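I opened this notebook page to record what I looked up in the model. The entries follow in the order in which I made them.

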Amino acid sequence: MQLSEAEWKLMNALWDEAPASVREVHEAVCDETGWAYSTVKTMLTRLAEKGAVEVEMRGNAGWYTPRISRQEARRSALRGLLDRAFGGTFGSLIHHLIDDEKLTKKDRETLRELLEKEHPR
């Protein structure tokens with residue numbers, strides 16, 4: 001499931017605070033976004049329609065809980081980036097990071113350690 005930049009803001013608030021009411025999510029994001037309460041409510045409703053969150057009614061208030069984990073959302077976002085920008089290959093992304101983003105020596109060592117941990121010689 002691909003999330004928009006705005007949806008990521010709401011989902012991050014929910015992953016940190018769930019279950020949360022619209023008011024609680026609004027309070028968590030309003031300083032950064034400036035969104036009105038009604039905007040947050042509409043966006044949460046859309047996330048529920050997409051299946052990203054579950055809503056439980058308590059009285060007349062909806063309480064929202066993520067249906068996807070942060071890890072699942074990250075995996076989906078990375079897969080989308082790989083497909084759109086790097087021909088679907090992780091190697092192309094790594095090549096870009098190494099050549100164009102000028103990884104620090106520490107970053108390179110960390111990457112080497114991760115690769116060796118996953119695929120020992």
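Source notes. I worked from a predicted model, in which local features need pLDDT of at least 70 and side-chain atom pairs count only at pLDDT 80 or more, while totals for chains, interfaces and linings use all residues. Residues are numbered from 1 along each chain as its sequence is written, and side-chain values use heavy atoms, with hydrogens and water left out.

Fold. I listed six helices and three strands in the protein chain, in the order α-β-α-α-β-β-α-α-α from the N terminus. These are DSSP runs: helices are H or I of at least four residues, strands E of at least two.

Burial. I found that 28% of the 121 residues of the protein chain count as buried (under 20% relative accessible area; exposed is over 50%, partly exposed in between, with a 1.4 Å probe and protein chains only).

Extent. I recorded a box of roughly 60 × 30 × 25 Å for the C-alpha atoms of the protein chain, along the principal axes.

E17. I placed E17 in helix α1, residues 5–17. E17 is exposed, at a relative accessible area of 51%. Its C-alpha atom is 34 Å from that of T89, which is 72 residues away along the chain.
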